[in-house]
Amino acid sequence: KSIEIVKNNINLLKQQISGNHPDIAAILEDLEQSYIHKEDLFQQLQHSLNANSSLIVENTELEDRTTAIMKDYKDSKDNYNTLQVDNQVLKYCTYNIQQFIIL
């Protein structure tokens, strides 16, 4: 908003002095263009900040999903290890039952 106020003030000054002082009017025109350029840069910066915020959100979501995947992997590995132990126990029990039947 402050840029708009400055631009409006510059325009008023240009209108007041353009007939009598064309050189000052030209300087004011340059000043106005400078403010327009700064306004464009500010909008680009705002766009970049918004894009950066979006990337931060996406990155956080990816980190959360990666954490969930790693937890699932650990749980799967733990389940596999438990199944391996259960399998060994079953083999042992089966062997004992077979030995018992043989006796």
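Helices (H or I, at least four residues) and strands (E, at least two) are taken as DSSP runs and numbered from the N terminus. The model is predicted, so local features need pLDDT of at least 70 and side-chain atom pairs count only at pLDDT 80 or more, while totals for chains, interfaces and linings use all residues. Residues are numbered from 1 along each chain as its sequence is written, and side-chain values use heavy atoms, with hydrogens and water left out.

The chain contains two helices and zero strands. Its radius of gyration is 38 Å, well over the 13 Å that the globule rule gives for 103 residues, so the chain is more spread out than a compact globule. The radius is taken over C-alpha atoms, and the globule rule is 2.2 Å times the number of residues to the power 0.38. Along the principal axes, the C-alpha atoms fill a box of roughly 125 × 15 × 10 Å. Of the 103 residues in the chain, 8% are buried; buried means under 20% relative accessible area, exposed over 50%, and partly exposed in between (1.4 Å probe, protein chains only).

Helix H2 covers residues 22-102, which is 81 residues. At 1.5 Å a residue, H2 should span 120 Å, and the 118 Å between its end C-alpha atoms agrees with this. The expected span is 1.5 Å times one less than the number of residues in the helix. Pro22 lies in H2 and is exposed, with a relative accessible area of 53%. Between Pro22 and Glu4 there are 23 Å in space, C-alpha to C-alpha, for a separation of 18 residues in sequence.

The buried residues of H2 are Ala25, Leu28, Glu32 and Glu39, and they pack against helix H1 (2-17). Glu32 has a relative accessible area of 9% and is therefore buried. Beyond residues up to four places away in sequence, Glu32 touches Lys7, Ile10, Asn11 and Lys14, where contact means heavy atoms within 4.5 Å. Glu39, at 18% relative accessibility, also counts as buried. With neighbours within four places in sequence left aside, the contacts of Glu39 are Ile3, Glu4 and Lys7.

Side chains of opposite charge can pair when their charged atoms come close. A salt bridge was defined as a side-chain nitrogen of Lys or Arg within 4 Å of a carboxyl oxygen of Asp or Glu, and a search of the whole structure finds two. In one, Asp75 is joined to Lys71, with 2.9 Å between the closest N and O atoms. In the other, the side chains of Lys74 and Asp78 meet at 2.9 Å, N to O. Asp75 and Lys71 both lie in H2, four residues apart, about one turn of the helix. Lys74 and Asp78 are likewise both in H2 and four residues apart, about one turn of the helix. An α-helix has 3.6 residues a turn, so residues three or four places apart point the same way. Asp75 is partly exposed, with a relative accessible area of 30%, and Asp78 is partly exposed at 34%.

Lys38 lies over the face of Tyr35, at 5.5 Å from the ring centre. For this assignment, NZ of Lys or CZ of Arg must be within 6 Å of the ring centre and within 35 degrees of the ring normal.
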